[in-house]
Structures are given as C-alpha cells and as structure tokens.
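Keep the viewer open as you read.

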Amino acid sequence: MSIVAPPIAAPDMLVERGGLLAKLHEWVVTVDHKRLGVMYVVAGLAFFLIAGLEAGVIRWQLAAAGKTFVSPQVFNRLFTMHGTTMVFLVGIPIVFGFANYLVPLMIGARDLAFPRLNAFGFWAFLFGGLLLYFSFLGGDGLYGAGSAPDVGWFAYAPLTARAFSPGNSTDYWNLSILVMGFGTVATSINLIATTLTMRCRGMSLGRMPLYVWMMLVVSGMTVLALPPLSAAQIMLLLDRFLGAHFFDTQAGGSAVMWQHFFWFFGHPEVYILMVPGFAMVSEIIPVFSRKVIFGYPMVVAASLAIGFLAMTVWAHHMFAVGMGAPLNSAFAASTMLIAIPTGIKIFNWVATMYGGRIRFATPMLFACAFLFQFLCAGLTGIILSVVPFNWQLTDSYFVVAHFHFVLVGSLIFTIFGAIYYWFPKVTGRMLSERLGRWHFWLFLIGFNLTFVPMHWAGMLGMPRRIYTYPADRGWDFWNLISSLGVPFQVAAVLIFVVNIALSLRRGAPAGSDPWDAWTLEWSTASPPPPYNFETAPVVESRRPLWDLKHPDDPDGPHE
Amino acid sequence: MRRVLAVVPTPSMFAPVSTPAFAIREVSFLVLAIVTVIFVIVAGLTVYAIVRYRRRPGDDAREPPQVYGSTQIELAWTVVPFLIVIVLFLTTARYIFAVERHAAPPEALEVTVVGNQWWWEIRYPSLGIVTANELHVPVSDPARPTPTFITLQSADVVHSFWIPQLAGKMDVIPGQRNRTWVEPLTPGTYVGQCAEFCGVQHAGMLLTVTVHSKDDFARWVAAQQAVAADVPAARAGRDVFTSVACISCHTVRGTPANGVFGPDLTHLMSRATLGAGVAPNTPENLRAWVNDPASLKPGALMPAMKLSKNQLDQLVAYLGTLR
C-alpha cells in the first residue's frame, strides 16, 4: 500500500525567499491547481462580502414602508449587482475553486489535465468580475459616475434595449458575464478531462469519491448550459451595438426568446451551484457520522438523474408568460420529477447518519442545518411546480424566500461547512471550533429570521424587486423581521473572517488527517506539496484510508 | 364618481373573491398539505437520527457498524415519491387546463390592458372607454356568469398583471397578446401591482380593480362615456393645457388634446389616485404632480412642465373639472 506520503516540506519553504513582490509574482504566474483553487475561493469570499453589503442596504430600505434611504435607481442597481455577484462572482468561483483544489487530490492526480487553461479560467473570471464592478465608475463614462447595471440579474429583454437602457451600464453587465462564461466553461472542460483521464491506479469510476462524481456532473451541466447564455449575450451585444433585432420587440424581435435562452442557462445554473453543495455534504456527513455513505450507487445515479433533468426544467421560470396549457404541464412534470432524485439524496444522507456516532464539529453543524433548510427549499420548490399556484407565487417574495433557502440556506451553509472541513488541509491549521460555533448559530438565526418571513410576505401579495411598498398592504411586519435578521448574519460573517485571520496565524496544527477521514486528500501533507503525492497512490476501494486504518475489514468486499 | 380610497385590504392569495383565484387556492391547499406531511416525516427522521445517534461521552473509540445500503429500502424511497409526483402532476394538469382553457361566455366583458412604463392603460373596446390604472368590472353571478376577459399588451417592456385576490399573474409582453380572465363574485376594491421588473418605477406601477354591482357598473360606464365637461370658469386652464406640451401625450375627449403616450385624462377626477397609485388624488397632490411628477414618483417619464404659478393654478383648476 503506497498511498500515505511522508510529511514533506510546505510549498512556501520550497520557493525562493523573496520580497512581497516576488511572492505576489508566484501567485500571479502559478498554474498550480491548489493555488488557483485558493485564489478562486478567496476572490469568491471577497465578492461575498460586497454582495452581502448590497443586500444589507436593500434590507434597510425595505425595513419599513415608504423609506427613502436609497433612490429607486440605486435600489435597482443594488439588487442587480447583488444577484449577478452572488451567482457569477460568489457561487461559481467558490464551487469551482473547491473542485480545482480537491478533485486532483481526491483522484490521486498531480494537477488538472490542462494547468494553463485552468489559470486562464481563473483570470477570465477575476477580470470579468472587476469589469462588472468597474461599471460603478464607468457605467455613464468616468465623469458621470454611479451607474452600475440596473436591469436585474436576469436582464429581461427588451428592458436591455438601447431605447430603455441607454448608457453603458448594461454593456458592462453583458460583457462581464460573457468573459466569465468563457472562464467557467474552460474550467469545466478541464475538470471533465481530469476526472476521466487522470485517476490514480485502482480508482475506477465506481470508486471515485462522491464529491468527484458530483463535480463531474456539474461540469457536464456547465458545458451544456453556459454556451447558450454566451450566445444570448453575443446577440444582445449585436442588438445594442450593431442594431440587430434579436430581442428588439419594437422591430419584431422576441422578448420571450431571451427568457428561454436565459433560463436554459439559469435553471441548470441552480444545480451547477447546488450539486457542489451536495458534493460537499456527501463527504462531510459520512466522516462525522463515522459511517460509509448509505447507497453509494444510488447517490451517483441520483446525481446523474439531476444532471439530465436539470436540462429539461428551464421554462418553469416562465409559467406566467403565456406558453399555453400543454407546455406549462410538460414543464410542471419535469420539475416535479427532479424532486425524486433530490429526495433520494436526502434519504441517503439521513440513512448514513442513522446508526452512526455523530460528532458535531462545525462542518457537521453546517451540514445538519443544510439538511433541514434544503428540505424546506425542496418542498417550496414542489409548491412552485404546481403551475396554478405558481401563477400567484412567481415573481413574489415567496420565490425570493425559496431560492435563498437554496442558495444561502443550502449552498452557503455547505460552503461554510466545507471551509471548516478543508481549511486544515489547505493551510495546515485548524479553524477555531469555538468561533465556529458562534459563526454557525448566529448565521442560522440570522438566516431564518431574514428568509422565513419572506414566504409570508409573498403569499400576502408582495412582488419582488420593488424599492418600496405602500404602508397599507400588511407587509411591514414581515419585512421588519426580515431586516432584523441582517445584524445576526453580519455578526456571523465577521466572526468567520476573524476566525480565518486568527487561525491562519495561531490555529492548532492540523496534521495530515485531522478528521480521521477516508479520501485520498487526507493521505498527503497539510498543506499538500506542489506535486500533491510523493508516490502515485493506488486504491482498492472507495475509502482508501478506511482500508488502511481497518486492514481487518476493508471496504472492497462490501462494494 | 369620486371615491374616497377605502381601507385597502392586504392582497392575500388566500382571500380570493374570483373564480380562478378560488381554483388556485383549492389546488394550493392540496400541495401545502402534501408538503407539510413530507416535511414532518423527513424532518422528524432527521431530528431522530441527530439526537439518537449523537456521539456521547463514554462511547468507546470503535467505529459503528458500516451499512453500505439496502436495495429494498432505497427502492421504497424512490417509488413512494414517484407515486406522489404522479398524483400531484395529474391534479396540477387538470387545474392548468381548467383555468387556461376556460371559454368566454357571450356575456363576458372584453377589456384590453396595456402596460406602459409605469402605468396601465385600460380600454373597453365595446364600450368606447379609455381610462388608466383603475380597472372597473361588473360582479359576476355564478348562475348567470359575467366574467371579464382581459387582453394584455405592452407598449414598451415586459410587465406582469397581478391582482392576487382575482387571479394569478399573466405577463404583459411586447409583441404578444396574452389573455387572462377574472370572475369576481363580491363587490369591492382589490389591489395589485406590476409583478415583473420593468425599470425605475416598477414599484410605482400599482393597479386597483373595482368590482361593481350590475347597476353601479352601468352608471360608471355611462359617466365614462361622456366627453369632458366644458366648464366656462376653467377655460383659462384649458387654454394652458392645450397650448403647452400636455396634449402631446394626453387625451381629453371633447378637446383637441389627443396624445397617446400618457394616460387619458377625460375623467381624471373619477380616479382615486395619481401616478398609477403612488399618491391619493387630492388637489395638493395634483398640483405637486403637475408641477414636478418626480416629486411624487422619482423617475416618472412625465417631465416637469416649468409652468408659472399662475399657469399652474389655472391648469390644476381645469384638471379639477375633469370629472
């Protein structure tokens, strides 16, 4: 058995000692999957703070009826930038950053298949993001500062036409999404190639960690779903600059076609973001329950089913555009069907915990909250698939509640859990458990205070994307509670930042395998050397480190 | 005809007064019941697993028994949700077709609603009425139904027509004629607003629907069909109206003003609000609006007309006669 590498020198001891500039240079020119992964996640977290700030202002404005804290123009920019940032600059880079870091380590490879393509993907993302934020200065030209895009993250045509959105702010949105799209597709192709061709000896597809399986599905979805969005962005570009009429309804273009393009990307995108969350908890729950995942083949099959079905549900965002009863019914059917593989996963996770010895370290706390919140998100998803009910709920605050339960209550919770889980591997130091608990409980309270009441506001008829509302509608109370959740979330995130800052310097040394885990990344040093493994690992089951720790009862015969 | 804006109820989708909204509430109760049962079972099992199988002080260091899966159990939790999905889908499809394919009876009232940035134009082609922001319809008697069928068109961007107590949303899309219908069974005033983001004043694009008894509706129609009153005392204001740019955008039937970009003002004073619901239609608000619409509705497309104080007084006095 040759899977355990002896502890070896950390990477920064190997590089030549130089000044700050030399160190910076190291990071800028790197093609190492681990460094790129870390840069992805750090950049994603930085944008997370910015998007959170934007959300905080939105909640302050909506805390009571008729407030004038920000103007309608500013409010529209804020929710446009919040949505665009959270999806393209927080969700995507963090989930792909984790995959960058973890996939090669989990399959026993030394890097991704195309390291330079990987670096290209990261820089395309980063410059795309900076381009988007430069719009605050450049949207109206440098001297008419203050015009970020204000057309919503979905940018429905024909509001994006020159006639309704003059100036450059919409162009910044359009171009930055286009640039980031190329980077994300490049990274997805890279992950697919790596997973299919660079697995270590003995790691058949059926022995890959669930994380790797799910990221393979995610990468496949990305390659299918993102290019249509890029195509639509190019059409919009032609409309705005060369007078084409794809979406120009005044010249016979189609507003609904944009919606089809956008949601053909937009719904798979929800799974592109959420399946990585499933991937993370599929590693965390077994380790902290001390049990093998229950029904590995079924979880893999469910992931593939989600991947396929995710491509068939997009028009459920469009039940109110007048597609007609047959199409509405078809998309209701596909949407309800996707609940089945998703439900199967929840059952498998709970069955994994059943009969275990669950240790509630911070990663597991986040995973448990994820189980409940994702259950709620899934059930409100089923509610939304009932088309007649959807005619009432779509574009109301109920939908805002629903997808924040998905993207915050489920995805951000799993990302936090994953950061607590893999931080020791990446830095060699543990995050503080004490601060971690504060972070968890405050975020749990804040999240639910903010987003549970939105279900009620929506059912009482409150539409989305309004900068203010009349006082007599009965929405004040629920909005006030929502806004009161903000300070809790802010405190939680501050504690998280402090925890990272303190633990980077003073955290307890992690060792190679602090959680007594079973996948290959825990067999090499923390942080892993640039070449990952001293000798190429060989595996004989899905849990190589379990085999090593339990030579009397290896996994192989049970699989 | 001027009404005092009554206490406006919360536009709750669970307080329907119209046939399609009742149908939606019916199917919503079914799905809410199903998901509640699922939630209780799954959340219950999860809580049980968390509490029962937590690590306790004094546990030995041995790993618990490893269970790799069970075909029977996994088959069960695949098949049961599948059956639930079938039931839910068939019910949903039945309601979709029932609401969308509901045929208009000959007595149905036809209305065209045109979404504009950021107001609603309301046309009654068969009655020769054009008004704005306040839809008036007759109450329907289930024994002899008189529903209102609404054709939705947009002059600019995508909007969405939504009065929760009357019906679900239907988007208002340029280049497309969408249809929706309401069949209110209780007289009253019901509120709603644009539900698809449509630009700066999306939040200020409100809409009310007033449901009249048959007789009241007939009276309202007769009043709206009249051309604008010509009050001699307000001639000066009318001259201001027709000599500055007002008439480029607004129509007042019975005068040379026939603009189509803004709301028809023929019976402006019969409406309870200004600026598509952003302010009550009081003389002070009307004056403030004409002087500078952005003071009540920042971003509104109507420009400030830069009138002298005297012109403003005359114009507001004239508008006050458009009953």
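## A sheet in chain B

In what order do the five strands of the open sheet in chain B lie? The order is 3-2-1-5-8, with mixed pairing; strands here are DSSP runs (E, at least two residues), numbered from the N terminus, and two of them pair if DSSP finds at least two bridges between them. At the edges are strand 3 (129–132) and strand 8 (178–182) of chain B, each pairing on one side only.

Strand 5 (residues 148–154) of chain B runs antiparallel to strand 8 of chain B, and five bridges join them. In strand 8 of chain B, B:Asn178 is the bridge partner of B:Leu152.

## About the model

This is a predicted model, in which local features need pLDDT of at least 70, side-chain atom pairs count only at pLDDT 80 or more, and totals for chains, interfaces and linings use all residues. Residues are numbered from 1 along each chain as its sequence is written, while chains are lettered from A and ligands numbered from 1 in the order in which they are written.

## Two domains

Chain B is divided into domain 1 (10–56 + 103–223) and domain 2 (232–319), with bounds from an automatic or database domain assignment. Their C-alpha centres lie 30 Å apart. In contact (C-beta atoms, placed from the backbone, within 7 Å) are 18 residues of domain 1 of chain B and 15 residues of domain 2 of chain B.

Leaving aside residues up to four places away in sequence, A:Met214 touches A:Val275, A:Pro276, A:Phe278, A:Ala279, A:Ser282 and A:Ser303.

How values were computed
Two residues are in contact if their C-beta atoms, placed from the backbone, lie within 7 Å. Helices (H or I, at least four residues) and strands (E, at least two) are DSSP runs, numbered from the N terminus.
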